[in-house]
Amino acid sequence: MVRGLAESGAAVAVLGRSSERADTLATELRRSGADAEALVADVLDEAQLVLARDAALERWGRIDVLVNAAGGNDPAATVEEGLFFELSAAAFRDVVALNLDGTLLPVRVFGEAMCAEPFPEGGRSIVNFSSMAARRAMTRVVGYGVAKAAVENLTRWLAVELGRATGGRLRVNAVAPGFFLGAQNRSLLVHPDGSPTVRGEAVLDRTPAGRFGEPGEVSDAVVWLAGPAASFVTGAVIPVDGGFDAFSGI
């Protein structure tokens, strides 16, 4: 997503907990001619977010786009079949905090600066991240699903609140990816040889496109929502799921 935004001409701040990873990506982008900076912050630490915001404002003078892509699940909050009553309440709260508070706090911190005049042509944009787990009950990931459902409601609420406060010049939307292979879920969906696991087969059976998604397919949706082509789109949750959400399974 960072590469997609940079290729579209945006100056990008790569924000995350790992300074090494952020620096590596920012350096790669600068070598390709992009205007990029690494910022270090934990999305659950408001003080760190304020420092990152102030650094971005000092560098560029304004913030036009915020992409809230931090999130994920915790193995301790993953529920095996029939073991719901053994779910750790602390692990459940941690997953909800990471995904929900990890979206709310950056909006509180960066969004305040994004409400400031003057606005660029086409306005400004916040893009949150939901999931297919927000829309349908999905085995094992109860805390993650609850949190992402809350993110969708928060997205709609913010679209109304911030849209009214800025005369429609600050839009808030979300992307709801289907199944993509990443570090957190790869072993759940595919074997080391790349063939699908039982869970992976179930996902593919319910995905009309018949495959897992590619990273660029999410990136393109984010770039669209971030830019002026989506200037009349707000309060929307855009599925990028190969038809998973449209299919009943029968």
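Helix 3 and helix 4 pack with their axes 10 Å apart, at an angle of about 30°. That makes helix 3 roughly parallel to helix 4, a label for angles under 35 degrees. Axes here are lines fitted to C-alpha atoms, for helices over the stretch in contact, and angles run from 0 to 180 degrees between N-to-C directions. Helices (H or I, at least four residues) and strands (E, at least two) are DSSP runs, numbered from the N terminus.

This is a predicted model: local features need pLDDT of at least 70, side-chain atom pairs count only at pLDDT 80 or more, and totals for chains, interfaces and linings use all residues. Residues are numbered from 1 along each chain as its sequence is written, and side-chain values use heavy atoms, with hydrogens and water left out.

**Helix pairs**

Helix 4 also packs on helix 5, and their axes cross at roughly 20°. That makes helix 4 roughly parallel to helix 5. The table sets out both pairs.

| Pair | Axis distance | Angle | Residues in contact, by class |
|---|---|---|---|
| Helix 3 and helix 4 | 10 Å | about 30° | 9 nonpolar, no polar, 4 charged |
| Helix 4 and helix 5 | within 8 Å | roughly 20° | 15 nonpolar, 3 polar, 1 charged |

Ala, Val, Leu, Ile, Met, Phe, Trp, Tyr, Cys and Pro count as nonpolar, Asp, Glu, Lys and Arg as charged, and the others, Gly among them, as polar. Contact means heavy atoms within 4.5 Å. Between helix 3 and helix 4, the contact residues include Leu49 and Arg53 of helix 3 and Phe110 of helix 4. Between helix 4 and helix 5, they include Phe92 and Leu100 of helix 4 and Leu154 and Leu162 of helix 5.

**The cores**

The largest nonpolar core has 20 residues. Such a core is a set of buried Ala, Val, Leu, Ile, Met, Phe, Trp, Tyr and Cys residues joined through side-chain atoms within 4.5 Å. Buried means under 20% relative accessible area, exposed over 50%, partly exposed in between (1.4 Å probe, protein chains only). Phe110, Ile126 and Leu162 have the most contacts inside this core. Helix 3, helix 4, helix 5 and strand 5 each give two or more residues. Helix 4 gives the most, with 6. Beyond its neighbours within four places in sequence, Phe110 touches Leu15, Leu49, Ala52, Arg53, Ile63 and Leu66. A second, separate core of 12 residues includes Ala6 and Leu29.

**Two loops**

Pro118 sits in the loop between helix 4 and strand 4. A cis peptide bond joins Glu117 and Pro118, with omega about -5°. Thr139 lies in the loop between strand 4 and helix 5. Thr139 counts as exposed, at 54% relative accessibility.

Technical notes:
Parallel < 35°, antiparallel > 145°, perpendicular 65-115°, else oblique.
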